[in-house]
Amino acid sequence: MKLKNYMEDVVLHVLPDILKNYDGICKCEKCVFDIAALALNTLKPHYVVTEKGEVYSKARELYNQFEVDVTAAILEAAKLVAEHPRHDTD
């Protein structure tokens with residue numbers, strides 16, 4: 001297993017479920033990746049190397065505060081991207 005920021009997996013897993021509930025947010029690839037990047041830049045990274053570390057990280061997801069933090073970061077990022085999209089608006 002390689003060194004990885006497990007938060008990337010979490011954000012990319014949660015993001016589609018959040019976005020499907022909001023009509024005013026662009027869901028093109030560029031905007032989705034911008035939202036993910038902004039959210040990840042505000043969240044504390046959680047690096048894992050071993051499978052045991054990944055299992056621990058998945059168990060940690062069950063805590064309510066963890067879910068609230070990820071959701072809040074995604075929603076704030078989505079708001080920023082919606083206000084200033086980088087894609088063509090033709």
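Mentor: Cys31 is buried, with a relative accessible area of 1%, whereas Cys28 is partly exposed at 27%; buried here means under 20% relative accessible area, exposed over 50%, and partly exposed in between, using a 1.4 Å probe and protein chains only. Keep in mind that this is a predicted model, so local features need pLDDT of at least 70, side-chain atom pairs count only at pLDDT 80 or more, and totals for chains, interfaces and linings use all residues. Residues are numbered from 1 along each chain as its sequence is written, and side-chain values use heavy atoms, with hydrogens and water left out.

Now the sulfurs. The cysteine sulfur closest to that of Cys31 belongs to Cys28, 3.7 Å away, which is too far for a bond. Cys28 in turn has its closest cysteine sulfur in Cys26, at 3.5 Å, again too far for a bond. With a disulfide taken as a pair of cysteine sulfur atoms within 2.5 Å, the count is zero.

Of the 90 residues in the protein chain, 30% count as buried. Val11 is in contact (heavy atoms within 4.5 Å) with Ala36, Ala39, Leu40, Leu43, Val70 and Ile74, leaving aside its neighbours within four places in sequence.
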